[in-house]
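Please open the structure in your viewer and keep the selection tool at hand. The tour below moves from stop to stop, saying what to select and what is found there.

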Amino acid sequence: MTEALSAPARDLFIAGRFVPSKSGRRFSTVNPATGEILAEVAQAGLEDLDDAVAAARAAVDGGAWREMAPRERGRILRRAAERLLARAEEFGRVETQDNGKPIFEAARIDMPACAEALEYFAGYADKVYGRTLPTGPGAFLYTLREPVGVVGAITPWNFPLLQAMWKIAPALACGNAVVLKPASLTPLTALMFAELLAEAGLPPGVFNVIPGRGEVVGRAMAEHSGIDKISFTGETETGKSILRAAAGTVKRVSMELGGKSPNIVFADADLEAAARGAFNGIFYGKGEVCAAGSRLLVEKSVHDALLEKLVDRARKMEPADPLHPKTRLGSLVSETQRDVVERYVETGKAEGARLLAGGRRRDVSGKGAFFEATIFDGVTPEMTIAREEIFGPVLAALEFSSVEEAVDLGNRVRYGLAAAVWTRDVKKALRVARELKAGTVWINTYNFYDPGLPFGGYKQSGFGRERGEEAMHEYTQVKSVWADLT
Ligand code: NAD
């Protein structure tokens, strides 16, 4: 049992307090790096969902939250950011134990990024503007931007608290209440954060956390008449089933889904920087990153030179204890996920791709769901590993000979989450950035995010945007008012 976790933080968080599930059911959350059970967490069922929704409804339909001045909402979020930063090591440690990611990432990158999101959206709380319309003297026309009401947030396991924060921070800043269902593999930091938000002054019922099974509680959230909007991050296929379930109540939805992002390196790029970027683009976060640069597209003339640099780095990247501060390749999130990755590697080999580095499951001190940093070369666009999201540390390298071919290959998948272009030619970079069908394009870098820069998908990577002003629009609706002055 992880020592940072207070005993109540293994229960559901509903209406401002920790409560066991009505059924009394619990499930184990496991440290994938050791196989040890971290906690027995309360498993929400449909009655618990009803309770959470009732608490959230009460908060938005009347009472302290509805009455609170927007600036005060901002103050609560700012206080939460300060408290989270002060406890970044403790939260990071739990995240690392629950997910298997290196503590360096969880404590030094994810938690500060969570605090940054809270700060950023705290500033928006009193800047949710409507408009006035110029009209003749006979009328006064204006719009109000109002909260959508109760937001159901459903999140994945790869950045457990951070993915949730991109929803919680803007939703609360705009005056909504939230019911969060974190991924069953990684529910702990969301529960800890619920307690922290309450300590920062958030009124009861405004933020509720109900860990539970996706196909049961997640699905029921999408169908629930008391929830006004579903904000989902996860797999494309899960997203499709949520869209169908949400249709019955014509619910608002936003979808942050999977990716198979191209990292395009032209011959005139700074090859050293491109190798670094391509490496971090796929191996940061064990490749369990929606925007991972999992397809490396390399111009023929620099193919060998770039691959040599990458292979050299990959062979030096050893999986290690995620709690060690120097570790950069942790454990995959679960044995199941490790098996999925392993199957893709076998498929890659069977379909004729050349394995240049890695490719094997590993353990650390005889335990864990680790996997080597893996690089495939000679990949063609029809191969499975060039088309499907693997969600692990596996890079598929393809060759191209012209700008047109690079763009065509880049766009030739059903996803469109992110992409990158590496070149010293400014015009080429900007032209290719325009041609790529992706929600985010990096030029001469990879995997950088800013709370003000919107993020989201093209094509089957989803719709709606997180971060930036666009996120505020996801959590507000517009009311038009016509006042007759005649
Ligand atoms: P997942 O789709 O399996 O699960 C995500 C969440 O949905 C979990 O909380 C799960 O319990 C819930 N869920 C499962 N079935 C459900 C159903 N039928 N109805 C409602 N909820 C349901 O995804 P995952 O395996 O946790 O995460 C990995 C996926 O998430 C990858 O595809 C990755 O690309 C994607 N992702 C996307 C982004 C992005 O911003 N676009 C970010 C992170 C992860």
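Throughout this tour, two residues are said to be in contact, or to touch, when they have heavy atoms within 4.5 Å. The model is a predicted one, in which local features need pLDDT of at least 70 and side-chain atom pairs count only at pLDDT 80 or more, while totals for chains, interfaces and linings use all residues. Residues are numbered from 1 along each chain as its sequence is written, and side-chain values use heavy atoms, with hydrogens and water left out.

Begin by selecting F391, which sits in the loop between α13 (384-387) and β18 (394-400); helices (H or I, at least four residues) and strands (E, at least two) are DSSP runs numbered from the N terminus. F391 has a relative accessible area of 16% and is therefore buried, a word that stands for under 20% relative accessible area, with exposed meaning over 50% and partly exposed in between (1.4 Å probe, protein chains only). Not counting residues up to four places away in sequence, F391 touches W157, N158, G287, E288, V289, C290, Q337 and V341. Although V341 is 50 residues from F391 in sequence, their C-alpha atoms are 7.3 Å apart in space.

Now look at the backbone. Most residues other than glycine have a negative phi. F391, which is not a glycine, has a positive phi of about 60 degrees, and R467, also a residue other than glycine, has a positive phi near 75 degrees. Select R467 in the loop between β23 (462-463) and α16 (468-474), where R467 counts as buried because its relative accessibility is 5%.

Next, select Q43, in the loop between β4 (37-42) and α1. Q43 is buried, with a relative accessible area of 15%, and its contacts beyond four places in sequence include L12, S21, F27 and P211. The C-alpha atoms of Q43 and F27 are 6.2 Å apart, although the two residues are separated by 16 places in sequence.

Move on to helix α8 (residues 214-223), whose buried residues are V217, G218, A220, M221 and A222. Which elements do the buried residues of α8 pack against? They pack against α1 (46-61), β7 (150-154), β8 (177-181), β10 (229-233) and α9 (236-247).

The following stops concern charge. Side chains of opposite charge can pair when their charged atoms come close. A salt bridge here is a side-chain nitrogen of Lys or Arg within 4 Å of a carboxyl oxygen of Asp or Glu, and the whole structure holds 33 of them. Select D61 and R57, whose side chains meet in a salt bridge at 2.9 Å, N to O; both residues lie in helix α1, four residues apart, about one turn of the helix.

Then select K428 and D268, which form a salt bridge with their closest N and O atoms 3.2 Å apart. Because K428 lies in helix α15 (residues 426-435) and D268 in the loop between β12 (262-265) and α10 (271-283), the pair ties together parts that are 160 residues apart in sequence. K428 is buried, at 13% relative accessible area, whereas D268 is partly exposed, at 26%.

For another pair, select E288 and K286, joined by a salt bridge at 2.7 Å, N to O; both residues are buried. Finish with E318, R360, R362 and E372, which are linked in a network of salt bridges.
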